[in-house]
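The sequence and structure are shown below.

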Amino acid sequence: MPSLHDLRLLLRLNVTLMVGAATAFGFLLAVPLPFARKIGGAGQAGGNPALAFIWVVAGAMLLAAACSAWNQVQERDTDALLPRTAVRPLPTGRMVSWAATGIGALLFAAALGCLHAAGELATVLAPGMAGNLPYDAVPGAGSPMSGSPVSGGLLLLVGVGIAVVYNGAYTPLKRVTSFALLPGALVGAMPPLLGWMAAGGDPRDPVAILLYGVYVLWQVPHFWLRAQRERIHYQRAGLPVPPAQFAAARYAGLLRVWYHAYAVAVLMLPVFPLLHAPLVRAGVVLLGVALLGISVLAQTAGTAGGDAAPDTAGVTAGADTVQALPFTCMARRDVVALRAADAAMPALMLLLLLDRMLPLF
């Protein structure tokens, strides 16, 4: 029997909890539960939004855990080469591949069952929830009104699609191209959309599409900046990631483009009829402006400049190589850019949820 510690590492509980939080955010953005009355008659339990909320959050977390288990089976050889992942149960031999695969399969089946149940509840929530919101809900204004009702089968297929792209495309491509993160980001941004759909929301709503885009754009600087801490080990393992593969100037230019796009996407949110409170609009604008300011740091991110920590050991070769930082060190500007990108996302989520809750007061 695997230990609880090994299961925690296999299922990456910290990431799984983040997926659950993002899914909850998408649901609550469409249907603020404190304002939502039960849809239907007293005996119509299928119209309970709280039940739909529980099903979709559980389904998203189980799906993330299953994909993580399969991912570690696929990458057990390269995981052994990176200090951050070498302690996982498969590289250390504390768990065999077939056991991890079986655990993933069980979790995946449970995830599909939860997503199907959430989708079936969404068909009940969609036509009647608009009148239960604390504002005048209209299509395109962040309402969960659905032109094409979500079904249990649709959410089940979305769950299958996430696993296919993550484990069938993203994971194998990580060995081949430095841009494997792009398909990974497309599925990594799905949790808020899953929550939105489980609340009866139309995934084609412009607001849902914009929020999905913000999540996609955030994941690229998030991963690339974190990869800088291990770029020497990525090079030794033969895994192509931009901080390890590209010259510092080229990588910094690419990173700056993604960082700018992330900031601009945040600034676009007040343009759409999503936000209602003027103070929240102002907060989102300030958040986007702050990200634009921080993005200046991304212009030189990845270079071992004068603001690097004292123990930085810069390694400079030809024009096509990278100035490498040791595993335990990042330049201060890189740390600031990473922390700002990561802090902006939960701040944005809280601002958007605050806009939904303000009518209570």
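## Aromatic contacts

Rings of Phe, Tyr and Trp (its six-membered ring) pair if their centres lie within 6.5 Å; planes under 30 degrees apart count as stacked, over 60 as edge-to-face and the rest as tilted. The model is predicted, so local features need pLDDT of at least 70 and side-chain atom pairs pLDDT 80 or more, while totals for chains, interfaces and linings use all residues. Residues are numbered from 1 along each chain as its sequence is written, and side-chain values use heavy atoms, without hydrogens and water.

Ring pairs join Phe 179, Trp 224, Phe 246 and Tyr 251 into a cluster. Arg 250 lies over the face of Phe 246, 4.5 Å from the ring centre; the criterion is NZ of Lys or CZ of Arg within 6 Å of the centre and within 35 degrees of the ring normal.

The whole structure contains 9 aromatic pairs. One of them, Tyr 259 with Tyr 262, is edge-to-face, at 6.4 Å centre to centre and 70° between the planes. Both residues belong to helix α13 (residues 248–268), 3 residues apart, about one turn of the helix. Tyr 259 is buried at 0% relative accessible area, and Tyr 262 is likewise buried at 0% (buried is under 20%, exposed over 50%, partly exposed in between, with a 1.4 Å probe and protein chains only).

## Cysteines

The search of the whole structure finds 0 disulfides, a disulfide being a pair of cysteine sulfur atoms within 2.5 Å. Cys 67 is buried at 6% relative accessible area, and Cys 114 is buried at 9%.

Methods:
Helices (H or I, at least four residues) and strands (E, at least two) are DSSP runs, numbered from the N terminus.
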